[in-house]
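Let's take a walk through this one, chain by chain and then across the places where chains meet. Keep the viewer open and follow along.

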Amino acid sequence: MLTTFIPLGVTLVAAPLLPGLINKTKAAFAGRQGPPLFQLYFDLLKLLKKGAVYSRVTTWIFRAGPIVSLASVIVAALFVPLAGHTVFSFSGDVIAFAYLLGLGRFFTVLAALDTGSSFEGMGASREVTFSIFAEPTLFIIFVILARVTDSLSLSRMLTQVPLFGMPSMAGLLALIVFSLFVVCLAENSRIPVDDPATHLELTMIHEVMVLDHGGPDLAFILYGASIKLFVMIAILAHLVFPMQGGSPVQTGLVFGSLMALVTIVIGIVESAMARLRMIRVPRLLMAACMIAFFAMIISLR
Amino acid sequence: MIVPMGSMAGMCLVMGLVPVRFFPVLGRAAAAAAPLSHMDFQTVIENSGPFLSNVGLLSCIFLLVVALLFLIRRAVLLGKEVAQSSTWRCGYSGVTPRAQYTASSFAQFPVFLFRSLADRRVESHKPKGYFPAGARFRSSAPDLVLNRIVSPLVEQSLAWVSTLRRLQHGKVQLYLCYMFVFIVALFFWKL
Amino acid sequence: MEHFAQLLLISVILANLFVLGSHPLGACIRAVALQGIALGLLPLCLHPDERSIHLFIIALGMIGLKGCVIPGLLFRAIRDAAIRKEQEPLIGFNTGLLLGAVLVGLGFGIAGKLPLPPYTESSMVVPVALSTVMMGLLVIVTRAKILSQALGYLILENGIYTFGLILAAGLPGLIEMGVLLDIFAGVFIMGTVIEHIHREFGSISAHKLVNLKE
Amino acid sequence: MTVLVLLILIPVVVAGVSFAIRSDAWRPWTLVVAAVLHTSLVASLWFSNAWPSIGTWLSLDPAGKVVLSLISALFLAASVYAVGYLHRRLERPNRTFVTALLFFLSATSVVAFSQHFGLLWVALEATTLASAPLLYFNHNPRSLEATWKYLLICSVGIALALLGTFFLAVADTFQGPVDGALLLPAMLPRAGSLSVPWLHAAFIFLLVGYGTKMGLAPMHTWKPDAYGEAPGLVGFLLSGVLTSCAFLALVRLTQVCQAAGQMDFARPLLILLGLLSMGVAAVFMLGQTDYKRMLAYSSVEHMGILTLGLGLGGLATYGAWLHMLNNGLAKGVLFLTAGNIHRHYRTKTASEVKGVLHRLPLSGALFMAGFIAITGSPPFGLFMSEFTILRGAIGNGRWGIVAGYLGCLAVIFIGMARIVVLMVFGEPPNDETAPGPKDSFLTTCTPFVLLAAVLVLGLYIPPWLDHSLQAAAHLVEGLP
C-alpha cells in the first residue's frame, strides 16, 4: 500500500534538485563553479522562515494563487509514472492532467493581475499568449499517444509506448520528443522562451508575474515550478525510453540517470542558445505545434 | 440574491465531487430524451461508473491538497510578521489608478500575433513637439466573428425574410391563388 | 338522354368561358343563372332510370335557387351599388379566356388520372366539375369587384354541385344539405358583408381592401 | 344519449334566451350559464366514463372526448372573460355577438361528436358562419376587411373540403353501394377496398380545405388579419377551439388513411404542411410590428406542430394531442392578456407599447409567462408536448425534420422575444392621454387559471388524462 506512494515521495523530495542540476551544467559550460546543487533547497528553507508582505490592493485571490498552483501541480504529478510506477491512474486522466496544469497557470495569472501592476499584467499576458500555443501542442501529443497505445491514461500511454525500438516509428518519436521538449521549455520558463535569471521586468515572463510574492508564498511558487519541471522531464524520459516492471532499485537508477540526462540537455540548450526575442517565441511554439500536428497526421494514417 | 446563486454554485460543486451519485439520475432523464433502449442505458452507466468515481476522487484529493497547503502556510507564518505594503512599482512612484493595466492591454500581445484575423483598430495621436499639448491612443479589437460573419449573415437573412414578408400583401385574390397553386402542385406531386 | 346530359355539361363550360371573357356584370349574372338552370336539369338526365320525387325536388330547388333567387339578389346588389361593368380586371379578358381554356385542359387531365366510378352515366361529369371549380376560382382571383367574386364563388359551388350529382342517387340528402348550406354561407353572408363594405368604403372594389398586410 | 342532445341544444336554447334579453349589461351572463352547464355535463361524462351516442352519426370516441373537453373548458374561460370584456364595451350592442358565441359552442360540440364526414363538414361550415359576426364585432373598416377575407378564404377552403368529402364518398362507394357511406365506424373496417386514387385526391382536397380552417400555410393568409382585428376573446376562441376542431377533422381523415394502409401517401403531405407552416410562422415572426398578428403567426406555428406530430405518427401523435390541449390553454393566456393590453394602450403596434408591467402588472406578468409557455420553455406543458414530438421525430431517425423543427422553434423564440420583452419591460410612455381601463378581476383571473393549467400539464399529467390521450393516439394509429 505505502509503496504506491513512493513515486509521489520521490517527486516531492527530488524536484528541487533539477534546477540545481541545470544551473550546474550552465556553470560548467561557462567555466564557473556555480551555485551548489542543493541551492533551491536552501532558498526554499530561507523563504519559509521569512514573514509575508502583501500589497494593500490585493485580495484573497492573490493569496490563493500560490497555493492553488502548487496544489494543482502536485495532483498532476500523481498521474505521471516514475520508472513505470504511478500513484493514481484511470482512463481519461490525461485530460485531468492537462486541465490541472491549466488551472495552476490560471491562478498564477489571476494572482498576478490582482496586484494591479502593469509589469505583472504584461507577464500574465505573455504567459497566457504562449500557452495558447503550448497547450494545443500538449493535447496533440496526447492524442498521438492515445492513438498509438489505444489508451487514455497517462501512465499506460507512457509506459506502453511501442514507439521505442521500432525503426518505423523512429521518425514519429523524434517529432513528438522535439515538440514536447519545446513545450517543456516554454512551460517551465527556460531559455530560449524565458530566462529565469534575468532581472529586467520588461523581458521576463514567469518571474515578473511573481514579483509581488514573497516569503512562504514565493517558496510555494518556486517549489511548484520545480515539480512542474520534474514532471515534464519525467514524461520526456519515459517517451525516450519507456520502462515497466523490473526491480525497483534497478529501474529507479536507470530512470534517475535518464532524467538527469534530459536535465543536462536542457542545461546545454540554455548554455548554447540566447533568449529569443519576445516576438519570435510564438513562432518557435507554433513550429512545435505544427510539428506535433504533422506527427498526428502521420500517426492517424 | 446571494443565497440562490450560492446554492446553485454549491450544487455544481457537489456534483463535481460526487458525480457518481448524480449520473444515474441524470442519465435516466437523458435516456428519456434519446432513443436509447433500457439495456444500452444500463451498460452506459456501468461503464462510466469507475471513471466518474475517479474524477470525483481526484477533485476531493485536489481540495484536500489545497486545504493542506493552506494549513502549512498558516503554520509557517505563525508568529511572524505579516505586513501590508504597496505593490512593487519598479522605481516609479507616480502610479495612479488611471494608469491601469486594462483588458485590451492584456489582450494586446495575442491580438498582435493574430492581427491578420483580429481586425484591430488603432487610433493614435502621438505627442508632438517639445511640450506636447496632449496625446491619445485608443485601440479596439471588434468581435470579428460577430461583425464579419454573424451580423452580415443575420442581416442578409433578415433582408431575405422581409422580401418574403411581402407575400402577405393584403390582396385576398392572390391569397386564393396560393391555395390554388398549392393544390395543383400537390396533385402533380402525389397523384 | 346521355347526349342531352353532354349538351348540358358543355353549356356549363361555355357559361364559364362567357363569364371569363365578358365585362357587363348583368350578362355574367344571366350566364350564371342559365348555368344554374342547366345544372338543375342535369340530375334528370344523369339518372334517367330513377326519376324519383327526390330528384325532381333537387332539380326544382336548384332551378329556383340558382336560376332565379340568387341572380335576383345579385341584380339588386348591382342596382344598389350602381355598377354596370367589371372595369378593372386584374388580367385582361383575352388572357382570362386563355387561362380558362388551360383550366379546362387541366380539369380533364386531373380527371383522367382518376378511374371513372362505375355508376357514372357520363364520362364528362368529373372533368367538367373540376374545371368549373377551377374557373370559379379563376373568376374570384382575377376580378376586382367584390360582387364578381361572389359570382365566382357561385360558379365554384356549381362545379362542386355538378360533381355531387354523381353521388345524388347513392347518398341522398348529403348533397343538398352541403350545397345549400354552402350557398347560404357564400352568397347570403357575403351579400350582407358586401352591403357593409359598400357603406363603409363607398365602393365594392377589392382594391380598397388591402389595408391589412405586413 | 340525452347528454349529447343537451350538449348541443343547451347553447342553442340559451342563445334564444340571450337574443330575447334586452339589457346589454346582463346578456353576457347567459354565456356563463351556458358554459357552466356545458362544462358540468362534460365533467359528468368523465366521471361516469360513459360513451354516449345518438344513432351512428353522432357518438363520442376518445378523440372526440379530448376535443370536446378542450372546447368546453376554453369556452368556460372565455365566457367569464367575456363578462368583464363586454362590460367595458357597452358602447357596442352585443346581442349578435353573444348569440353567435353560443351558436359557435353548439357547432363545435357537434364537430366533436360527429362520426360522419358529411356532418363533420356541415358542423365546421356552421362554425365559420357563427364566427363571422364575432370577427366583425368592432364594426370598423379594418375589422370589416378582415371579416371579408376570412369569409372568402374560409368559404373557398370549406368548398374544397366539400369537394373532398364528395371524392371520399366516391372512393367509398366505388365498388358499389354500401351501407353508411362516409360514416367513419362503417368505413374503417372496409377501408381496404376504398378506391385508392379517389382516396388520394380526397385526401388532398380535405387536407387543403380543413387546413384552411386550421390555418396551415399556405392557406393561413386570413389568420393574421382575422386575429389582428378581432377582439382578443375571439382570437382566443378561434385559435384554441376552432383550430382544434379542424385538427379533429384532419385526425378523422388520417384514421381513414391509416385503415386503408395509405399512410405512406399521407405522411409526407402532413409533414410538408407542418414544416411549411412552422417555416412561414418563423419568417413572419421576425420583424413583426403588431403583437396581435404575432400571436396569429404563433397559431400558424402551433398548427404546424400539430400536423407534423400527426404526420410523424407513433409517439409524436400522442405529443400532438397533448400539444393541442397545451396550445389551446396557452393561447388563451396570450390572447386575453393581449386584449387587455390593447384596451389599455389603444394600439396594436408593439413599439408603442412599453412597460406593461408598470401599467398593467397582472396582464404584463401573465403575457410574459404566456410567451415563455407558448415558445415551449419548461416547466410549461408545451415543452413536454413539443419535446414528445421531437422524440417522435428522433425515434424515426428523421434528422432533416428534427433540424427544421428545432430551427423554426429557435427562430420563432427569438422573433417573439424581441417583441414581447420590449413590450413588457421598460418605462411606460408618459403621455397619460386617456389610457384605457386597468386590470380587473374578471379580465385577469381567466388567463391566470389557464396559465396555471398549462403549468400543471407541464409538471404532471393525471392518469385519467394520460389514458384518454393515449386512447386518442391509438385511434389515429388504428390500434385497439
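This is a predicted model: local features need pLDDT of at least 70, side-chain atom pairs count only at pLDDT 80 or more; totals for chains, interfaces and linings use all residues.

In chain D, take the contacts between residues at least 6 apart in sequence: 83% of them join residues at least 24 apart. Chain D is built from 19 helices and two strands. Along its principal axes, the C-alpha atoms of chain D fill a box of roughly 70 × 55 × 45 Å. A compact globule of 480 residues would have a radius of gyration near 23 Å, and chain D comes in at 21 Å, so the two agree. Of those 480 residues in chain D, 63% are buried.

Most residues other than glycine have a negative phi, and most peptide bonds are trans. Two peptide bonds in chain D are cis. One joins D:A217 and D:P218, with omega at about 0°, and D:P218 sits in the loop between α8 and α9 of chain D. Another joins D:P378 and D:P379, with omega about 5°; here D:P379 belongs to the loop between α15 (361-374) and α16 (381-395) of chain D.

Then there are the positive phi values. D:N49 is not a glycine, yet its phi is near 55°. You'll find D:N49 in the loop between α2 (28-48) and β1 (53-54) of chain D. Is D:N49 buried or exposed? D:N49 has 8 other C-beta atoms within 10 Å, so it counts as exposed. D:R346, also no glycine, has a positive phi of about 60°, and its place is the loop between α13 (315-345) and α14 (356-359) of chain D. With 13 other C-beta atoms within 10 Å, D:R346 is partly exposed.

Now on to chain C. Chain C has seven helices and zero strands, so reading along the sequence you simply get α-α-α-α-α-α-α. Of its 214 residues, 47% count as buried. Among the contacts in chain C with a separation of 6 or more, 73% are between residues 24 or more positions apart.

Where do chain D and chain C meet? The contact takes 35 residues from chain D and 35 residues from chain C. On the chain D side, α5 (117-135), α6 (141-172), α8 (196-214) and α9 (222-229) each supply at least two residues. The largest share comes from α6(D), with 17 residues. By class, the chain D side divides into 24 nonpolar, seven polar and four charged residues.

Chain C also touches chain B, through 12 residues from chain B and 13 residues from chain C. The chain B side of that contact has six nonpolar, four polar and two charged residues. Chain A, on the other hand, does not touch chain C, and their nearest C-alpha atoms are 50 Å apart. No contact joins chain A and chain D either; their closest C-alpha atoms lie 30 Å apart.

What chain A does have is a strand paired with chain B. β1(A) and strand β1 (residues 82-85) of chain B pair in the parallel sense over four bridges, and in one of the pairings A:V53 has B:A83 as its bridge partner. In a regular strand the side chains alternate between the two faces of the sheet.

β2(B) pairs with strand β3 (residues 136-140) of chain B in the antiparallel sense over five bridges, with B:S140 in β3(B) as the bridge partner of B:R121.

Last stop: two helices of chain A. The axes of α8 (residues 170-187) and α10 (residues 215-240) of chain A come within 10 Å and cross at roughly 175°. α8(A) and α10(A) are therefore roughly antiparallel to each other. Residues making the contact include A:I176, A:L180 and A:F181 of α8(A), and A:M232, A:I235 and A:L239 of α10(A). By class, that contact has 11 nonpolar, no polar and two charged residues.

Conventions. Residues are numbered from 1 along each chain as its sequence is written. Chains are lettered from A and ligands numbered from 1 in the order in which they are written. Two residues are in contact if their C-beta atoms, placed from the backbone, lie within 7 Å. Ala, Val, Leu, Ile, Met, Phe, Trp, Tyr, Cys and Pro count as nonpolar, Asp, Glu, Lys and Arg as charged, and the others, Gly among them, as polar. Axes are lines fitted to C-alpha atoms, for helices over the stretch in contact, and angles run from 0 to 180 degrees between N-to-C directions. Angles under 35 degrees count as roughly parallel, over 145 as roughly antiparallel, 65 to 115 as roughly perpendicular and the rest as oblique. The radius of gyration is taken over C-alpha atoms; the globule rule is 2.2 Å times the number of residues to the power 0.38. A residue is buried if 20 or more other C-beta atoms lie within 10 Å of its own, exposed if 12 or fewer, and partly exposed in between; C-beta atoms are placed from the backbone. Two strands pair if DSSP finds at least two bridges between them.
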